[in-house]
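Me: I am new to this structure and would like to go through some of its strands and helices with you, one question at a time.

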Number of protein chains: 4
Amino acid sequence: MGDISVSNGSGKISSPLNGYRKSCWYEEEIEENLRWCFALNSILHTGATPYQDIALLDTKPFGKALVIDGKLQSAETDEFIYHECLVHPSLLFHPSPKAVFIMGGGEGSTAREILRHKTVEKVTMCDIDEEVVEFCRSHLLVNRNAFCDPRLELVINDARAELESRNACFDVIIGDLADPIEGGPCYKLYTRSFYECIVKPRLSQNGIFVTQAGPAGIFSHTEVFSCIYNTLKQIFKYVVPYSAHIPSFADTWGWVMASDSPFSLTAEDLDLRTKQRIKGENRYFDGKTFTSASTLSKAVRQSLSNETHVYTEGAARFIYGYGTADRHEQE
Amino acid sequence: MGDISVSNGSGKISSPLNGYRKSCWYEEEIEENLRWCFALNSILHTGATPYQDIALLDTKPFGKALVIDGKLQSAETDEFIYHECLVHPSLLFHPSPKAVFIMGGGEGSTAREILRHKTVEKVTMCDIDEEVVEFCRSHLLVNRNAFCDPRLELVINDARAELESRNACFDVIIGDLADPIEGGPCYKLYTRSFYECIVKPRLSQNGIFVTQAGPAGIFSHTEVFSCIYNTLKQIFKYVVPYSAHIPSFADTWGWVMASDSPFSLTAEDLDLRTKQRIKGENRYFDGKTFTSASTLSKAVRQSLSNETHVYTEGAARFIYGYGTADRHEQE
Amino acid sequence: MGDISVSNGSGKISSPLNGYRKSCWYEEEIEENLRWCFALNSILHTGATPYQDIALLDTKPFGKALVIDGKLQSAETDEFIYHECLVHPSLLFHPSPKAVFIMGGGEGSTAREILRHKTVEKVTMCDIDEEVVEFCRSHLLVNRNAFCDPRLELVINDARAELESRNACFDVIIGDLADPIEGGPCYKLYTRSFYECIVKPRLSQNGIFVTQAGPAGIFSHTEVFSCIYNTLKQIFKYVVPYSAHIPSFADTWGWVMASDSPFSLTAEDLDLRTKQRIKGENRYFDGKTFTSASTLSKAVRQSLSNETHVYTEGAARFIYGYGTADRHEQE
Amino acid sequence: MGDISVSNGSGKISSPLNGYRKSCWYEEEIEENLRWCFALNSILHTGATPYQDIALLDTKPFGKALVIDGKLQSAETDEFIYHECLVHPSLLFHPSPKAVFIMGGGEGSTAREILRHKTVEKVTMCDIDEEVVEFCRSHLLVNRNAFCDPRLELVINDARAELESRNACFDVIIGDLADPIEGGPCYKLYTRSFYECIVKPRLSQNGIFVTQAGPAGIFSHTEVFSCIYNTLKQIFKYVVPYSAHIPSFADTWGWVMASDSPFSLTAEDLDLRTKQRIKGENRYFDGKTFTSASTLSKAVRQSLSNETHVYTEGAARFIYGYGTADRHEQE
C-alpha cells in the first residue's frame, strides 16, 4: 500500500485530508429545532446493548466522543470539565471521604477522578449495562488505570436494587446517570422517593449526595435541573446547585449537591484541601471556579427558587430524546 | 384564500407547520469543523451593504436573528444576556455616567440598555454602516424607542475617525464592534495603539472603557479574548475580564472592562445602584451574576495571566470567518 | 435605506450574498437515509390547509419550489419535464381530445399544458384542497393564464366523488395526484376498484387514462411504479409505462398511460401531431424523447413484468413520508 | 463483551442501530447550492495519495462508496449501471474485441466488466495512482477476481505517456477517468489534441474509443458532456452520446462512443451478441436499454447539436469541485 495514510487499528488517522476534510459529520438534535454537528475523522465502534445504543466516534472538534442513544455523553477534549465538577466538590466538602458509591458511571471517568483522592479507600461503581462498561474499558485509554485500581469494585446491577441490597453506608454517593429521557433506563433514579428511601439511608454521617442534573443554561435549566434541585430540597437540609459551560454539549451543564451537614468552606479552603488530598493537577476545578459555578445568574436563581415541581415516578420530566430501554423490558 | 395561514407583509408566520417544520435550516460554521443549525420559520430580509452582508432570519429556537457576514450577531431570545453584560457593569461601576460613546452598536440594543440608566444625558452611537443601522431601526421593534430617544445622537462614521475628531470626553466608551475577523471592518479597533492614542484620551476622569471581547469558552478564549485582555492591561491600571454563556452563540462570551480607577463595588453595592439608577427590571444581570461572570474558571484565569500577545495592526488575531469589507475598500 | 437590496413584497431578492450565500437550506429526506438539500434565497410563503402543509420556497438551484407535506412537488426550473410528460403523450395519442378531466392538479401546470392543445374545448380540474389551489393561483405566475382560460372549469371536490356524480365522459382523464403516502389524501385514487368502477366508465370511446406513478428509478420503481402499472394492466388492454429523470426530485420519475385502444404512433407521428396541435414549443417532449422515455431499462422492464401486486384499499403501498390528512378526517 | 455488535477489524458493522441510525452523514456538494447526503454506517478507510484524497465509506443508502477528492466515484449498489454502460456498448459494437486499453479505471470494475467478454485476450489498465489501485484491490472484494485475471496487465503510469510509448494498437480504448475538475489529474485527457494525436493512432482498424463524459442531465449536460461530444466529433466520423440515471450520483450520467466505423446494430443484434460473448448476466444493459440510453431527450439533443466549444488545454471546462493534484506537481 506504499505510504498511503489510512486509519489503523487504533482509529487514528495520520493525514489531514483536504478534499475529504468536511465530508463526514456527526449530527445531534439537541432540541427539535436545534442541531449541533461535528466533522468526523472516523466511526470507531458502534453497538447495541439490551439497554442502549452506543457509538464511539473520532470527531475533529472534540476528539473521541461517546454517544449513547443518539446523545453525546462525553467527549475527549472536555470531559474533564464534567467529571471534575461532578466529583471534586462533594469529595472536598466532605471531611474525609473513604467510601464512595457511583450510580452509573460506566465510562470510568468518574471513578478516575474519585481515585485521585488520597482519602478514598473504596469506590463502588454500579452500572446496569455491562456492555457499555466493557466497551469503555476497552476503548477509553484515559480510564484504563482507573479500571485496574484495586480500590475499585465494579458491580453490574440496577443502582436502586444494589443500594437496597446493601447494609453499609457511603460517605459520598454520586449520580452519574444518563439524563432522564423518556424510555431511557434512568429516570426512576431522579425521584423523590428514590432519594428519600434509597439514597439518604445509605449515606453515612456527614454524607453527601451529588448528581449530574442535566442542562442548566438560561433557558434549558427548566427542563430538569430546577426540578432535580427542588426534589432534593424536599429531602436534604442543604442543597447546592452549580453549573459550568461544556463546549461539546453546546450548553451550560448542571449538578446538584445535597447533605444534612452544611457546606461551609471558602474558595481558599477548597484550594487547600485540593492540594492536600488530590493527586495530580486539576484542569478545571479550583476554589474560585466553584465560587463562580455555584453562583447562578439572576434568571436561573429566580426560577430555581420558584420551582414547585417534585420528581415522582408518576410525574416525571424529560429532556429531548428517546431511549431504547423498552427493548430490554420487553424481553 | 379562506383561513389559510401564510406569511404576511411583516414576515410573521401564524401557523406552526408539522410536515414542514424541520425542512428549512440556518447553518453556521462556528469553526471549520463545527456547525450550529437552527430550524427556520422564514428569511425576513437579506441585503448587502458596502461593508457587510446582512440578513434577518426568523428562527425557531432563538426567534429573530441578525446575521452579519455569515455570523450570528444577535438573537431575539437571548440578546439581553449580551447587552446587559456589555452595558451595565461599566455604567454601574462609574460613579455617575452622563455621556456615553458607543463604537458600533448599529443594532440599537446597546443604546437601549444605556438609555435605561437615569444618570445618562447623552449617548453617541457611531456606526460605520448606515444601512445596517437603518435595517435594524426598521426591523427590530424592540429597539424602536431607543432609536427615538432624544438623548441618542446617531453618527455614521468610522469610530476611530469620529473619536479623533472630538474634543469632549465620555464617562463610558463601549466597544460593541463585530469580532475581529479577517477582512472585516473592525479589527483595527482592538489594537494597543487605538486604545492608547484614541480611546483613553477621550475618557473623562474615572472614565471606563468596556468592549465585547469575543468567545471566552474554555478553549475559545485563546482566539481573541485573552489577547484583548492583555492588550488593555498595557494601557489601563485596572482591567476586569468577565464572561457569560450565550445559548444562541453556542459558546461562553467575553467582555473586558478597563479603567485607571479601581473597580471596588460588592455584589450588594451593584444591586443597590441597579435599583437606584436603572429603569425597569434586568433579566440577566445583578450583583451575584457579576460575581460569577467575573470569576473565571481556573483554566481561563491561567491562560489570561500567561497571555503575552498584544494586539497591533501588524500582529492581529482573528476568529474563524471572513468578512466582505474588501468590497468597500476596492471601490 | 440607501441602495440596500432587500426582499420586497413579492419575495424577490435582488442581490446575491456572498457571506450569507450558503447559510440557509431546504432539506428533504428522500428516504430515511438519504437527504437532498437546496440552498435557499427565501421562504416565500408557508401555510397549513385542512389536508396538507404547504410551502413555497425560493431555492438557489431550482428556483421557486412548491412543497407539500414536506415533499417537493414541483420546482420552477424543471417542472416542465414532469408536466410535459404527464400531459402530452396521452393527448397526442388520442385522435382528437376535446374534454379532459384532471384529478388533482391544483398547482395549475397540468391545466396549462393541456390548454396548449388546440383540440381541447373543456378542461375540468378537480382538486380537493381549495387552499392549495388559491395559493398556487396567487403565487405561481407562470400558470396565471391557465387559471383565467375560459375553457377551464375548476371544481373543489374529491375526484372520486366528482367523477361518480357526473354523467358525461372524457376523452382523457389525468391523475395528477400527490404520491400515495401513508396518511396522505390520495392513496385511494390508485386502486384497482377506483380504476375499474370510477375512471374507466367515465372515459369516452378511444379514451385514455394517464397517471403520475411515483419514482421510477432503478431501485425506487418498486415502491409504487411497478404496482400502479400492474394494477392498470388488470383493467385496460393497453398500458404504457414511461419515465424521465427530474433533477429536482433526485430521481427518475414514472407515468403510466392506459387505454382499450392501442397506442400505435411512431416518433415521427408524434412530432407531426405536436406541430399541428400544440401551441408554442415544448421544452422536453418530442417523439424521440417519448421513444426513450417509454423504453425502460432491462432491470425496470423485468421487475415490471414480474410484478404481481395489485393496489387495493386493503393492500396499499406507500412511498417514504407521512401526510396530514388525518387532521381533516378527525375534524 | 457478550453479544455486543461492534465493528471488527475489517470495518464491518453487524448490527443496525436505532438511536444511532441517522447521526452520521456523508455530505457532498454536487454544486455550490446543492447537497446530497448519505447516512453512514462507518468510515472504512481514508488516505491521501500524491494525486488525490481517497476514502472508502460504508453508507446506508448505497453500500460501500469510493470517494476521491471529495466526490463520489462509485457506490456498491449501483456502480453496475456506470460500468456496464461504459464497457458493453463499445465491446459489443466492435466485431471482435481482443485487446482493450483502460485509461484510469483503478477501481477495477471496468476491467471486471471487460473480462466478462469471451473475445477479450488482453486488458491493459493504466492508472496514474498506484495507491488508489492498491486501495481498491485490497478493499473492493467484488473486483478481486478481475485483479487476479491473467489477461489483465496493470500499468502505473500517466495514460498519455503510456499510450505514446506503445506501438501496438487496441481494438477498444476506454476512458474511465475522473471528471475534468480544476486541479484534478485528468482534464488534459479530454482534449482535442489528446484524442487526435494519442488516442486515435493507437486504435486498430474498426477500433472504438469510449469515454465517460460527466453529468448528462437536462441542465448538467452543458458542463462537460456536450463539449466532450463536440470535441470527439472533430476527430471521429461516428460519435454516439448516451446516458443513464445513476441514483447515487443524483444525476443522469453520460458516455460518448466514437469510431471511424459506423455503429449499425439493432437492439436485437446487441442482445444476440450479449448472449454469445458475455459471461454471466448483465443487470442493467441490453439492447432496449441502449436504444433508450442513446436516444437523448429533445433538450439535450438540441444543445449537443448546438455545441461549438472544443476542449483544448487552453480552453478547458470543469465541473464543480477542486482537486489536489497540485500537491503532486509542486513536489
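This is a predicted model: local features need pLDDT of at least 70, side-chain atom pairs count only at pLDDT 80 or more; totals for chains, interfaces and linings use all residues.

Me: Which strand of chain A is joined to β2(B), and what is the bridge partner of A:C37?

Reply: Strand β2 of chain A, residues 34-48, runs antiparallel to β2(B), and 5 bridges join the two. Within β2(B), the residue that partners A:C37 is B:R35.

Me: How many residues lie between β2(B) and β3(B) in their hairpin?

Reply: β2(B) pairs with strand β3 of chain B, residues 53-59, in the antiparallel sense over 7 bridges, and B:I43 has B:L57 as its bridge partner there. The hairpin formed by these two strands has between them 4 residues.

Me: Which are the edge strands of the open sheet of 7 strands in chain A?

Reply: The sheet has mixed pairing, and its strands follow the order β8-β7-β6-β9-β10-β12-β11. Each edge strand pairs on one side only, and these are β8 (152-156) and β11 (238-246) of chain A.

Me: Which helix packs on this sheet touching β7 and β8 of chain A?

Reply: Strands β7 and β8 of chain A run parallel, joined by 5 bridges, with A:V123 opposite A:L152. The helix touching both covers residues 130-139, and its direction makes about 140 degrees with that of β8(A); this is helix α3 of chain A.

Note on methods. Residues are numbered from 1 along each chain as its sequence is written. Chains are lettered from A and ligands numbered from 1 in the order in which they are written. Side-chain values use heavy atoms; hydrogens and water are left out. Two strands pair if DSSP finds at least two bridges between them. Contact means heavy atoms within 4.5 Å. Axes are lines fitted to C-alpha atoms, for helices over the stretch in contact, and angles run from 0 to 180 degrees between N-to-C directions.
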